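Student: Hi, could you walk me through this one? I'd like to start with charges and then move on to the rest.

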Amino acid sequence: QGEMMWKLVQHFGQQDLSKMRSEDQIYFSFLGISIVHYPASWALPIAVLISLIFVGFVWVARKRAHLSLLKTGAAGVSFLFSLIAFAFLAQQAWYLILEFAPAYRNMVDPDPSHLYLLCFALLCILLFALIQRLLLRWIRGIELAAGAGLVWLALLIFTSLQFPGASFLFAWPLLLILLSWLWLSGRKDD
């Protein structure tokens with residue numbers, strides 16, 4: 001295997017990269033079943049399409065559920081601050097763990113780190129749920145959801161412009177969520 005890899009490295013190392021004819025592609029694994037790929041030039045049109053769907057959702061939600069744009073903006077700001085705060089808290093917690101277990105500093109991928117990561121994730125989920133429950137006193141659930149969607153949409157537009165190869169991380173989950181929101185808002189109340 002090493003010999004074959006060495007020959008591949010030599011072969012591709014001697015290729016003239018300035019004469020590549022194909023455009024950049026975006027690749028990602030779909031549920032571990034297959035690889036999805038499409039040209040990177042599609043990242044911005046996909047972001048525009050998803051933006052239009054988001055505007056459609058907000059329009060429908062304003063008509064049917066009396067969505068407040070001010071409260072949606074406030075929900076978006078609270079969602080963004082929550083994300084930043086949770087990242088900061090998780091990083092500080094890891095620094096605290098390193099203070100108590102300095103041997104982890106020298107390890108490339110310490111075995112217990114996965115357990116710590118799981119605990120950090122569960123703690124952040126719990127804190128996020130508590131914050132959302134507290135916010136429900138002043139902001140309705142649909143406004144909290146639309147605010148989070150607004151932040152996600154901003155991240156999608158930013159990555160589509162600056163890092164098209166990473167835009168799929170925001171595009172496809174947001175598209176599925178928006179379509180489900182539109183479907184749910186289109187259903188008659190039973």
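**A charged pair and beyond**

Tutor: Arg140 and Glu143 form a salt bridge, with their closest N and O atoms 3.6 Å apart. The term means a side-chain nitrogen of Lys or Arg within 4 Å of a carboxyl oxygen of Asp or Glu. This is a predicted model, where local features need pLDDT of at least 70 and side-chain atom pairs count only at pLDDT 80 or more, while totals for chains, interfaces and linings use all residues. Residues are numbered from 1 along each chain as its sequence is written, and side-chain values use heavy atoms, leaving out hydrogens and water.

Student: How many salt bridges does a search of the whole structure find?

Tutor: It finds one.

Student: Is Glu143 buried or exposed?

Tutor: Glu143 counts as buried because its relative accessibility is 1%. Buried means under 20% relative accessible area, exposed over 50%, and partly exposed in between (1.4 Å probe, protein chains only). Arg140, at 37%, is therefore partly exposed.

Student: New topic: which residues have the most contacts inside the largest nonpolar core?

Tutor: Those are Ile26, Ile50, Phe57, Leu156 and Leu178, in a core of 24 residues. Such a core is a set of buried Ala, Val, Leu, Ile, Met, Phe, Trp, Tyr and Cys residues joined through side-chain atoms within 4.5 Å. At least two residues of this core come from each of E1, helix H2 (43-65), helix H5 (141-162) and helix H6 (168-186). Helices (H or I, at least four residues) and strands (E, at least two) are DSSP runs, numbered from the N terminus.

Student: Which helix gives the most to this core?

Tutor: H2 does, with nine residues.

Student: And what is Phe57 in contact with, leaving aside its neighbours within four places in sequence?

Tutor: Phe57 touches Ile142, Ala146, Leu178, Trp181 and Leu182, where contact means heavy atoms within 4.5 Å.

Student: Okay, strands now. How do E1 and E2 run?

Tutor: E1 (residues 25-30) and E2 (residues 34-39) are antiparallel, joined by six bridges; strands pair if DSSP finds at least two bridges between them. Gln25 stands opposite Pro39 in E2. The two strands form a hairpin with three residues between them, and Leu31 in the turn has a positive phi of about 55°.

Student: Is Leu31 buried or exposed, then?

Tutor: Leu31 counts as exposed because its relative accessibility is 68%.

Student: How far apart are Leu31 and Phe54 in space?

Tutor: They are 25 Å apart, C-alpha to C-alpha, and 23 residues apart in sequence.
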